Amino acid sequence: MMSEATERGKTWLGRSDLRPTRQRVALAALLVGDGNNRHVTAESLFAAAKDSGEQVSLATVYNTLKAFCDAGLMQEVTVDGSRSYFDTNTHDHPHFFWEDRGALTDAPADQLEITRLPEAPEGSEIASVEVVIRLRRKTAD
């Protein structure tokens with residue numbers, strides 16, 4: 001009998017043209033199996049897969065996350081130009097980046113107002129706007 005997490009993973013994967021390989025289904029179940037959105041790094045998903053007993057390489061996790069993004073199932077959010085987080089919530093929304101713990105979480109979209117964007121240079125169009133709000137703990141005065 002298939003677990004509820006695996007069923008959710010297969011359903012989520014079925015929204016794309018990706019072939020539901022064993023490893024893709026297992027990673028999808030870890031990402032969306034409980035019905036909640038996730039922000040993961042390749043390393044954190046690799047660790048979760050290992051903890052669940054799944055035999056998968058870090059390279060496979062990277063490639064699978066990229067494939068999920070290319071298929072429109074996830075979005076990649078880059079922090080610091082080098083660190084990538086992968087978000088299962090594909091709707092446009094801002095993020096908080098918690099510097100002290102290196103974590104990415106959703107920020108309340110209804111509290112963000114962007115009233116004007118610069119015009120795109122001639123011959124181009126704005127593809128997307130990413131908002132990452134960096135947070136750090138306050139220090140005592």
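Please keep in mind that the model is predicted.

I start with the sheet. Three strands form an open sheet in the order β1-β3-β2, with antiparallel pairing. β1 and β2 stand at the edges with a single partner strand each, so one side of each has no neighbour in the sheet.

Now the pairings in turn. β1 covers residues 39–40 and β3 covers residues 83–87; two bridges hold them in the antiparallel sense. On that side, His 39 stands opposite Asp 87 in β3. β2, residues 75–79, is joined to β3 by five bridges. In that pairing, Val 77 has Tyr 85 as its bridge partner, and Thr 78 has Ser 84. β2 and β3 form a hairpin, with three residues between the two strands. In the turn, Asp 80 has a positive phi of about 65 degrees.

Next, the salt bridges. The count comes to seven, and I will take three of them.

One joins the side chains of Glu 54 and Arg 22, at 2.2 Å from N to O. Glu 54 sits in the loop between α3 and α4, and Arg 22 sits in helix α2, so this pair ties together parts that are 32 residues apart in sequence. Are the two residues buried or exposed? Glu 54 counts as buried, because its relative accessibility is 18% and the cut-off is under 20%. Arg 22, at 54% relative accessibility, counts as exposed.

Another is between Arg 134 and Glu 99, at 2.8 Å from N to O. Arg 134 is in strand β6 and Glu 99 in the loop between β4 and β5, 35 residues apart. Arg 134 is partly exposed at 40% relative accessibility, and Glu 99 is partly exposed at 31%. Glu 99 and Arg 134 are also linked with Arg 136 in a network of salt bridges.

Arg 137 lies in the segment after β6, so the pair ties together parts that are 37 residues apart in sequence. Arg 137 is exposed, with a relative accessible area of 65%, while Asp 100 is partly exposed at 45%.

Last, the patch. Which residues make the nonpolar surface patch of about 400 Å²? They are Leu 112, Ile 114, Leu 117, Ile 126 and Val 129. Val 129 is in the loop between β5 and β6, and at 42% relative accessibility Val 129 counts as partly exposed.

How values were computed:
Residues numbered from 1 in each chain as written. Predicted model: local features only at pLDDT ≥ 70, side-chain atom pairs only at ≥ 80, totals over all residues. Heavy atoms only, no water. Pairing = 2+ DSSP bridges. Helix = DSSP H or I, 4+ residues; strand = E, 2+ residues; numbered from the N terminus. Patch = residues over 30% accessible without salt bridge, like charges linked within 9 Å, V, L, I, M, F, W, Y side chains within 5 Å. Areas by Shrake-Rupley, 256 points an atom, 1.4 Å probe, with all protein chains shown as cover. Salt bridge = Lys/Arg side-chain N within 4 Å of Asp/Glu carboxyl O. Buried < 20%, exposed > 50% of the residue type's maximum accessible area, 1.4 Å probe, protein only.
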